[in-house]
Amino acid sequence: MPDVKTSQFKSASVKALADSNIQRALGAPFAHFVDGRKSAIDADFTEESWESMRDRAAATKAHTIERLDYYLDLLDKNVRRNGGHVHFANDAAHANQIVLDIAREHDVKTVIKSKSMVSEEMGINAVLEKNGIVPVETDLGEYIIQLAKETPFHLIAPAVHKTKGQVSDLFEKFLDSAPTDDIEKLCIIARDVLRDNFAKADMGISGANFIVAETGTVVLVTNEGNGRMTTSAPRVHVAISGMEKLLPSIEDVSLFLRLLARSATGQRITSYNSFISGPRASTDEDGPEEFHLILVDNGRLNLLKDETLREALSCIRCGACLNHCPVYRKVGGHAYGWVYPGPIGAIVSPMLTGLKQGKDLPYASTLCGSCRDVCPVKIDLPKLLLDLRHKVVKSGAGAMPERLGIRQWHDTMKTRKKLEGKARLGRMLQGLVARKGFITRLPLPVVSGWTKSRDFPALAPRSFAEIWRDDLSGGDRS
Amino acid sequence: MPTPVEDPNKEAFLARVRDALGRTSPIMVTPDHPTLKTTLPRHEEKIRTTKARTEARRSQNVARLESTAIAASWHVHRVSDAEIAANVVAEIASSIHAKNIVRTAEDIFKRVDTDATLRKRGVRSTVLASGRARRKDDLKEIAFKADMGVSGVEYAIAETASCAVFQRKGNARIATLAPPVLALIVEESQVLETLDDFFAIVRFQFLTNRGRLPNYYNFISGPSRTADIEQTLTVGVHGPGEVHMILLASA
């Protein structure tokens, strides 16, 4: 598994805010994502019809996840009936071992990879390299960050934080190409290098956008065509997926393709959709002789066990919640410290890698609700984030000042006498800092951070209870 | 081909999933899900009405396909007969100065004789099929060097401008993927209205005769594209950057 740096969210955010490249990348490109999504939806749907699609998708996902054992069994039987192998991997190390075993059996030297977020969870590239196998990412964005030795900045635009100048420098350094600021030329440089790898690779590793249980079909969605290349050119194809990506029937796929393409890239449909149910038939002209599907748990049971957080397993990784999140749009993808950034990452990462180190992530949200409004499968992300905050506090991992504050509050609110006593004390003390009914600067540690950007209303000279008792109740209290 | 064995870890894995869901025993009956529950007779009925609707609305569907295809950056050529279709292929080849073309062995080439028109212009057209004593690696090599690929389709979907290409004998995957320019010949009778129609047909084939359904099929819905560098749209990354849809009126 790659290093989990979720505990460094705050310091990494500070760094990202000061990085002009990251701030530039989080500007215009993301306006493009937001506008593109909206106009693609408006072109074909009314608000009601889009809503009803989201409802149907949410219901389909919930239905499947509540019966995941049934659908996994159905899937396994059907993929094997189609001639494919199915593996159930408990964790990242287990999944890596399965891939290595397949690679050794087929004497694999070069692996080409189409985008797979689960393979990022596994850190499989490092494992392959350690075992003398060369992994090559083929999604252009993934290839760029592989050269840069970074993790994806975004679910569907992994290298969006890189300028064309930086890409040109990377290509010059690793591929010996002439520097250029022409993006089309950069694409051609990458394509030619990747073509060589497609020609010689023995194994292709892909992810899976959806997996259909009834027909045993992996659905793969790419715009570049690297998904098709990865699953066609090598001798062996290994698809790696989280165990939650299932849909019951092939007839469910159209709904999800419609939602995914519009939510992710503002397209009516992604350029290429591949439907893979097994290895090539003996009469087929090309395609892999062997097909493996690895279904990975790697901490997903933690989500499944929790009736509230289970909803996060419905995610189809479109990235819309990132694009619309005011926090992600300032701190970017790397601050979240693991594979999944943004609002969905703030839920999934701590649950998959440990709540204690990831305790700051559920707080990386203003709870504005934009993520929930754009989620194609209607995940109630703010609700889940609040629930996770609750769990952080309950586990005792919450911030010390917050715990002290809440204890004080609890104690104060127990009796009216205590409340009024504390209010009197507060009014006395605030005379030192309150100006015109507001406290604009608190010279105390912890809380001074709060007043740096916000004013706190001062306590009124008399509380409502006091005014009521003395002036308004008409003296008829009995 | 023998059925691969079950993973020994499967039962324990599923038991943990079941446990996490708070259930003690497996589900034994097909769950109540609308797209899974339809029985074969009811599905047959659905296919009959789908086919009738497709037939009745053919001209609207073809018009819709044309407009969604243009929106998705296809070059659309509507042609009235097979001879013109073959000429269009040859003209595209000339426009890009193609020397080597690969094609599949789809049935459409029995109607549209592209080989002859291309030969007249001095362009070599190779059928990308291993049956002609070629190994798979050779197919890759030939396809990577080709200037253009030509194929028929199984279906075209008006809603999304998707051409469904099925893998089978005579249809190499690489033929429609590797060359920088692609021309697909679509017969109007192959045009479906929506994605739902397509998947209903696929499921029908699965339920009635799964052997006919290939292990691999693709939607090609436009040029290969990326916006991975600075969110700037660029076409022709791993697949064709220029795609032509030749819409041929049915005979």
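## Strand β2 of chain A

Strand β2 of chain A (residues 110-113) is covered on both faces: Thr110(A) and Ile112(A) on one side, and Val111(A) and Lys113(A) on the other, are all buried. Buried here means under 20% relative accessible area, with exposed being over 50% and partly exposed in between, using a 1.4 Å probe and protein chains only. Strands (E, at least two residues) and helices (H or I, at least four) are DSSP runs, numbered from the N terminus. As a reminder, in a regular strand the side chains alternate between the two faces of the sheet.

What does β2(A) pair with? It runs parallel to strand β3 of chain A (residues 134-137), joined by 4 bridges, and the partner of Lys113(A) in β3(A) is Glu137(A). Strand β4 of chain A (residues 203-206) also pairs with β2(A) in the parallel sense, over 3 bridges; there, Val111(A) has Met203(A) as its bridge partner. Two strands pair if DSSP finds at least two bridges between them.

## Ground rules

This is a predicted model, where local features need pLDDT of at least 70 and side-chain atom pairs count only at pLDDT 80 or more, while totals for chains, interfaces and linings use all residues. Residues are numbered from 1 along each chain as its sequence is written, chains are lettered from A and ligands numbered from 1 in the order in which they are written, and side-chain values use heavy atoms, with hydrogens and water left out.

## The chain B sheet

Over in chain B there is an open sheet of 6 strands, in the order β1-β12-β7-β4-β2-β3, with parallel pairing. Its edge strands are β1 (75-79) and β3 (124-127) of chain B, each pairing on one side only. On average, neighbouring strands of this sheet are turned by 20° against each other, direction ignored.

Now for the bridges. Strand β4 (residues 148-152) and strand β7 (residues 181-187) of chain B run parallel and are joined by 5 bridges, with Gly152(B) standing opposite Ile185(B) in β7(B). On to β2(B): 3 bridges join it to β4(B), again parallel, and Val102(B) has Gly149(B) as its bridge partner in β4(B). β2(B) also pairs with β3(B) in the parallel sense over 4 bridges, where Ile101(B) is partnered by Ser125(B).

Helix α4 of chain B (residues 58-71) lies across β1 and β12 (242-248) of chain B, running at about 155° to β1(B). Helix α5 of chain B (residues 82-95) packs on the sheet too, touching β1, β2 (100-103), β4, β7 and β12 of chain B, and its direction makes about 170° with that of β12(B). Contact means heavy atoms within 4.5 Å. Axes are lines fitted to C-alpha atoms, for helices over the stretch in contact, and angles run from 0 to 180 degrees between N-to-C directions.

## Aromatic pairs

How many aromatic pairs does the structure hold over all chains? The count is 22. One of them is Phe88(A) with Phe13(B), a tilted pair at 5.1 Å centre to centre and 50° between the planes. Phe88(A) lies in strand β1 of chain A (residues 85-89) and Phe13(B) in helix α1 of chain B (residues 10-20), so this pair joins two chains. Phe88(A) is buried at 0% relative accessible area, and Phe13(B) counts as buried at 2%. Trp338(A) and Tyr340(A) make an edge-to-face pair, 5.9 Å centre to centre with 65° between the planes; Trp338(A) is buried at 4% relative accessible area and Tyr340(A) at 1%. For the terms: rings of Phe, Tyr and Trp (its six-membered ring) pair if their centres lie within 6.5 Å, and planes under 30 degrees apart count as stacked, over 60 as edge-to-face and the rest as tilted.

Ring pairs also link a cluster made of Phe275(A), Tyr155(B), Phe166(B), Phe198(B), Phe199(B), Tyr217(B) and Phe219(B).

## Charges over rings

In chain B, the charged end of Arg103(B) sits over the ring of Phe109(B), 4.5 Å from its centre. Arg173(B) does likewise with Tyr216(B), its charged end being 3.4 Å from the ring centre. The cut-offs are NZ of Lys or CZ of Arg within 6 Å of the ring centre and within 35 degrees of the ring normal.

## Ser314(A)

Ser314(A) is found in the loop between α14 (300-305) and α15 (320-323) of chain A. Buried or exposed? At 6% relative accessibility, Ser314(A) counts as buried. Apart from neighbours within four places in sequence, Ser314(A) is in contact with Lys61(A), Ala62(A), Ile65(A), Val377(A) and Ile379(A).
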